[in-house]
Amino acid sequence: MFPGWMRSVRFRLALTYSVLVFALALVVLGAVNLGLSRALSGQPVVQEVVFPSLSRTLGGFELQLTRARMVDLERLVNERALDNLRRYSLYTVALLFPLSVVIGWLVAGRALRPVERIGDVAREIQSTDLSRRIRLGGTDDEFKRLADTFDAMLDRLEKGNRDQRAFVEDTTHELRNPLAVMATTLDVALSDPDADVESLRHAGEVVRRTIDRTSRTVDELVTFARQDQRRQAMVAVPLLPLLEESVGDYRVAAAARRIDLRTGATVETMVQGDRDSLKRALGNLLDNAVRLAPEGSEIVASCGVSGSWAWMAVTDQGPGIPRELHERIFERSWGAADQHDRARRRSGLGLAIVRQVMAGHGGLVTIDSESGSTFTLWLPLDRNASPDAVTADGIHPREDAVNRS
């Protein structure tokens, strides 16, 4: 029914500005006309003239103005002035309305320019590229706060999209190798017409181990993906029972590799945290130690207090990790070649999950790999606990809490 530009917010704002300006002009001009009419309709100015009459000879004619005639003359002049004022006021009002519409249109356009910029950025954003931002400058007004809110929303969307892509990439990367191992093992077993029971059993064992490793990988992926979304229930958690329970969960797996898994120095303390998440973090450290430590070695789990921090540590007697790799081992799906057999050693998502859990508790994880490896989980005992008291670089501890205990 109406063209698009008449249904726009800009036109409605311009029309509103015009109506307000037009109404204000009518009130002002009406007040001026009314006030001037009342002022001129009062006592004439000639009443204050002291002489009764005025007589002059002009061109042989004598002009004589009495007071009454001067009053009539003043009345005519006033009426003509008022008529001219009303006429020019009508002309002004008639010209003011279209002019106010034009001015309102320009002012509304300038005021809505930030909104148009927000709309342009929103139209240019693609689902695969969320890097565009408005970054509206100027004063801190409503439009700038709206643009900042929109930018913050884009930051969250970009992070979510990036995490989603990373999750897909991690899933693809982590599952490709075990699937290839299972497929190759089964192909070899099925292609051998003379395969005996022993070779088939061996193939089945390989597939079984690969399935277990794949299941563990899937669990890690799901845990890592949900860790940020999960609302942690912060309660008082005693560390010693948590440590003993976790060690008990891995004793069978350690015994299968002839590894002595035991608890070392322990000090009972309470921390505020999510028990399941903390157990998951400690379990990941124990799982890595049991899988990667040499057979016949020893793994020690301990806990204690250092100043304003509580800690839980897992120490193994493995070959250790070069210092230049200490930061990278906490990355998703980090891998490095073993110095002895050049086999691929992967940390998977275990240590990334550990760091994620610690960050959610306001704590951190450190590594000391001078002889063997010691991973320590640090949890603050109060809000004023400073990380500088624990570590200078966020990775290595200032002191060996395990041996000091």
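Contact here means heavy atoms within 4.5 Å. Of the contacts in the protein with a separation of 6 or more, 70% are between residues 24 or more positions apart. This is a predicted model, in which local features need pLDDT of at least 70, side-chain atom pairs count only at pLDDT 80 or more, and totals for chains, interfaces and linings use all residues. Residues are numbered from 1 along each chain as its sequence is written, and side-chain values use heavy atoms, with hydrogens and water left out.

**Overall make-up**
- The protein has nine helices and 11 strands, taken as DSSP runs numbered from the N terminus (helices H or I, at least four residues; strands E, at least two).
- Of its 405 residues, 35% are buried (under 20% relative accessible area; exposed is over 50%, partly exposed in between; 1.4 Å probe, protein chains only).

**Aromatic pairs**
- The structure holds two aromatic pairs (Phe, Tyr or six-membered Trp rings with centres within 6.5 Å; planes under 30 degrees apart are stacked, over 60 edge-to-face, the rest tilted).
- Tyr88 and Tyr91 pair edge-to-face, at 6.2 Å centre to centre and 70 degrees between the planes.
- These two tyrosines, Tyr88 and Tyr91, are three residues apart in helix H2 (residues 67-111), so about one helical turn separates them; both are exposed.
- Phe330 and Phe375 also pair edge-to-face, at 6.4 Å and 75 degrees.
- Phe330 lies in the loop between strands E7 (309-316) and E8 (334-337) and Phe375 in strand E11 (residues 373-380), so the pair ties together parts 45 residues apart in sequence.
- Phe330 is buried at 4% relative accessible area, and Phe375 is buried at 10%.
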